[in-house]
Amino acid sequence: KRKREPAPVHFALNNAAVLIQRWYRRYVARLEMRRRCTWRIFQSIEYACEQDQIKLHNFFSYLMDHFTPSSSKERDFISRMFVSGESFKEAELEKYCDYESMEVPDSYTGPHLSFPLLPDHATTLLEAFKRKQQLHARYVLNLLHETRKHLKQLPNISHVSTCYSEEVTVCGDLHGQLDDLFLIFYKNGLPSPSKSYVFNGDFVDRGKQSLEILIVLFTFLLVYPNEVHLNRGNHEDHMVNLRYGFSVHGRKILKMIQNVFCWLPLATLIDQKVLIIHGGISDTTDLDMLEKIQRHKFISVLRGKKRKESNRNVEIQEIIGESKADASAAEHDAASSPSPQPQPAQAPSMTNRLEFSKWVRQMVQEQIERCRQLVDSESEEEELTYSSFVSMTDLNAPCWTRQEEWKQILDILWSDPMPQEGCRENTVRGGGCYFGPDVTKKILEKYSLQFLIRSHECKQEGYEFCHSRKVLTIFSASNYYEIGSNRGAYVKLGPDLVPHFVQYQANKTAHTLTMTQRISRVEESAFRALREKLFAHTSALISAFKAYDKDGTGRITLSNWATAVESVLRLGLPWRMLRPQLAHSMADGMLEYKSWLEDLAMEQQSQEHIQSGLLEVIYRNRSNLETIFRIIDRDHSGLISFEEFHQTWKLFSSHMNIELTDDGINDLVRSIDFNKDGNIDFNEFLEAFQETEFNSDCQKASNWVPSLES
C-alpha cells in the first residue's frame, strides 16, 4: 500500500494560524505605538504647563523687585497680594479664623462634627459626600484648626512600623478625584488600628472635589493619628493651586488650608527600610537635614527663591562687615563693660589664611545667631513644635542656609527618575532634578534603605518600577488625562516589605470600552489638546515656516515642518511620526503650511465663534490670565474689586513704563465693568483683554501678557 500523504487542509490551517499570529502581533504593536505617542503628548503638555507656572512666578517676582510703592496703602496691598502665604503669628491666626463665632443655621441639612472626632464622624462624612452634600464652613474651619494643631507636633519624616498593623497601604496622587478615594476605601477598607495608610501628596488640583478629599483625609488623620500619615506633594503649594484651579469661596478657609499645607510632613519611613517621598531625590538629598528643617517656613516652594536668597547674601555681607568692626573693638568693649561679657576669640594672623577663614566664618555664624535671637525675642512666642525642638536639642548640628534647605524640599517634591546615570536639572518640569540609578543606589546605601516609593507621575497601569526595582512610582488617580487613559493603583506592604498592588478604574464607562476603543478615545483627546497648542502659537509657527520657505511658496518639506514646530512648541515630541494625525502632505511630499494653519483656525473657531487672531492669543494666554485673576482676587470670591484692580494695574504700568494717572486707571476699570455692578468677574476680565488686542491706542497695554512667555 502507498503511504498516505498529509491532507492539504492541514497545511492551510497551519499557514492561517501563522498569518493570524503575525497580524495580531502587528495590530498590538500598532496599538502600543499609538498609546505611547498619546501618553507622550499628554505628559509633554502637562509639564509645559508647569514650566509656564514657574515663568509666571518669575514674572511677578521681577515686577516686585522693580516696583516701589508710593504710599503705605500700596505697600499694604502688595504685601497682601504677593505675600499672602506667609505665616500668621499664632494669636493672629486664631483671631482671623475664629470659627466659634460662626453659627450653623437651622436650615443646614449636611453633616455635623464635634471634637474630638470619632470614627462615626468619618463614616458620616463619607456618606454625606456620596450624596453630594457639603460641610458647613464652621466645621471646615474647626477641622483645619485641629489638623494644624496635630501636624505641628509631627516630625518632618514620619516613622511607620508594620509591627503594629497587619499592613501599610500607600496611595499616590489623588488630584481632587473623590471617586478614586471612595473606591480605595471600598476595596481596601477604611483606616483603622489594624490598617494603616500613607497618602503621598497631591491631594488637590485638577479634579473638582479637592476640598472634599482634604476634609476626608484630615478627618481620618485626627481619628487615627497613629495609622494615617500624609506627605506633602508639590501641589500642596498655594502658588501651584493658583494655576491648577484648587480654590474655595471663603478667604478664611483658603488661608487656613495654605497654613496646613506647610505643616504637612515631607516624607515617611516604613520600618526604617522604605522611604516614601512625593517626587524623588537628588545627589544632594540629606535626610538628616530634612529632619531638622523648619518646614512651615516654606509656604510655597516656588515663590521668592532668588529674591530672598539675594537679600540674604546682602545681609550676610553686612554682618561680615560688622564682624570685622566688632573684632577690632572687642578689647575696648570688654574693658568698658560694667559686667563681664563673653569675648570673641582673637583674630589669627592674616598670614595663616585657613585659620583666618575659619575665624571669619565663626564670627559670621555668631552674628547670624545673634540676629535670629533678636528676631525671636521680638516676635510673639509660638507653640513648641517637633522641628524646633530637634533644632534646639541638637546644638552641634551644622547650620544650613535657607537656599540649601529650600533645595532639599524642592528636590523631594519635584524630582523624577531617569534611566541614565547622574543627576541633572529637571528642565522639563522647571523644578527639581532628574536622578539616575547611581543616585538611587548611593542614597539607599547611605541610609540602609531597601527601596523608594514616590508618586508625582501618572503611569498607565497605576504603578511602575525603575532603577532595578529600587524606585516604585505609585499613582492613584485613574482616568487622569481622559476616560480610559490610565488605571489607578495603591500598594500594600506587610512585615516582609514585599509590595502587593491593587489596580482599579473608578469610572464605569472605562470598564465598557475595549482596548481599541479606549486607545482611540484617549488618542482623540490628546490630538485635540495638541491642535489647540499648535493653534495657540500660530504667529510663531508662521515665522518659523517662513524661515524655511525662502521663495514664499507657502510650502515646506515635512522634515522642515517637524523641525519648525519643535522649535516653537519645545515639547520634545516625535513630530514626523505624529504628522499624519495633524497635517496632510501633498503628493510630492511637501506641506502647504498656510492652508494647514487655516484648517486649525477653522476647527477652533467652530467651537468658540471668535475671530481667529484674537482666539489664538486667548488660547495662548488663558491659563496665565486665569492665574493672574486668582492672584488679584484675594478673597477668592470670583470677583475683583475696583481697588484691587487699581493697585494691580499700577504695578503692571510701572513694569511697562506706561504713565497712567489715577483718573485714567479709574476710567479703565469702569470701562471693563460691563454690567456696572462695581466688580470685575473673569468673563469681563477676559473680554477686556480681547478688546485691547484690537485697540491700537492701547497696544502697549496689551503686550504685558504675551511678555510672560519670554
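**Entry 1**

I started at Val-491 and looked up its bridge partner in β14, which is Phe-501. This is a predicted model, in which local features need pLDDT of at least 70, side-chain atom pairs count only at pLDDT 80 or more, and totals for chains, interfaces and linings use all residues. Residues are numbered from 1 along each chain as its sequence is written, and side-chain values use heavy atoms, with hydrogens and water left out.

Strand β13 covers residues 488–493 and strand β14 covers residues 499–504; six bridges join them, and they run antiparallel. I take strands (E, at least two residues) and helices (H or I, at least four) as DSSP runs numbered from the N terminus. Two strands count as paired if DSSP finds at least two bridges between them. β13 and β14 make a hairpin with five residues between them. In that turn, Leu-497 has a positive phi of about 60°.

**Entry 1: the six-strand sheet**

I then read off the strand order of an open sheet of six strands: β1-β5-β6-β10-β12-β11, with mixed pairing. β1 (157–160) and β11 (463–466) each have a single partner strand, so one side of each is left without a neighbour in the sheet. The twist from one strand to the next averages 20°.

Inside this sheet I checked β5 against β6. β5 (residues 267–270) runs antiparallel to β6 (residues 274–276), and three bridges join them. Leu-269 has Leu-275 as its bridge partner in β6. The loop between β5 and β6 holds Gln-272. I noted the phi of Gln-272, which is near 60°, a positive value in a residue other than glycine.

**Entry 2: the three-strand sheet**

Another open sheet has three strands in the order β7-β9-β8, with mixed pairing. Its edge strands are β7 (416–417) and β8 (423–425), each pairing on one side only. I looked up the β7 pairing: two bridges join β7 to β9 (residues 433–435), and these strands run parallel. One partner I wrote down is Tyr-434 in β9, which bridges to Asp-416.

I found a cis peptide bond between Phe-115 and Pro-116, with omega about 5°. Pro-116 lies in the loop between α3 (90–96) and α4.

From there I went on to α4 itself. The axes of α4 (residues 119–130) and α6 (residues 178–188) come within 12 Å and cross at roughly 135°. Axes here are lines fitted to C-alpha atoms, for helices over the stretch in contact, and angles run from 0 to 180 degrees between N-to-C directions. The angle makes α4 oblique to α6; angles under 35 degrees count as roughly parallel, over 145 as roughly antiparallel, 65 to 115 as roughly perpendicular, and the rest as oblique. The crossing of α4 and α6 is left-handed, a term for the near helix being turned anticlockwise from the far one by less than a right angle, with right-handed if clockwise.

Leu-126, Phe-129 and Lys-130 of α4 make the contact with Leu-178, Phe-182 and Phe-185 of α6. Contact means heavy atoms within 4.5 Å. By class I get five nonpolar, no polar and one charged residues for α4 with α6. Nonpolar covers Ala, Val, Leu, Ile, Met, Phe, Trp, Tyr, Cys and Pro; charged covers Asp, Glu, Lys and Arg; the others, Gly among them, are polar.

**Entry 3: α5 with α7**

For α5 (residues 137–152) and α7 (residues 210–223), I have axes that come within 10 Å and cross at roughly 50°. That makes α5 oblique to α7, and α5 passes α7 in a left-handed crossing. On the α5 side the contact includes Val-140, Glu-146 and His-150, and on the α7 side it includes Ile-215, Phe-218 and Thr-219. The class count for α5 with α7 is eight nonpolar, three polar and one charged residues.

I looked up the UniProt annotation "domain: EF-hand", from an unreviewed entry, and it covers residues 536–571, 620–655 and 660–695. Positions from UniProt are given in the numbering used here, feature names are shortened, and annotations may be inferred rather than shown by experiment. Over residues 536–571 the chain is 67% helix and 8% strand, with the end C-alpha atoms 14 Å apart.

Last, I checked α20 (residues 558–569) against α21 (residues 575–582), which pack at an angle of about 100° with their axes 10 Å apart. α20 and α21 are therefore roughly perpendicular to each other. Among the residues that meet are Trp-561 and Val-565 in α20, and Trp-575 and Arg-579 in α21. By class, this contact of α20 with α21 has seven nonpolar, one polar and three charged residues.
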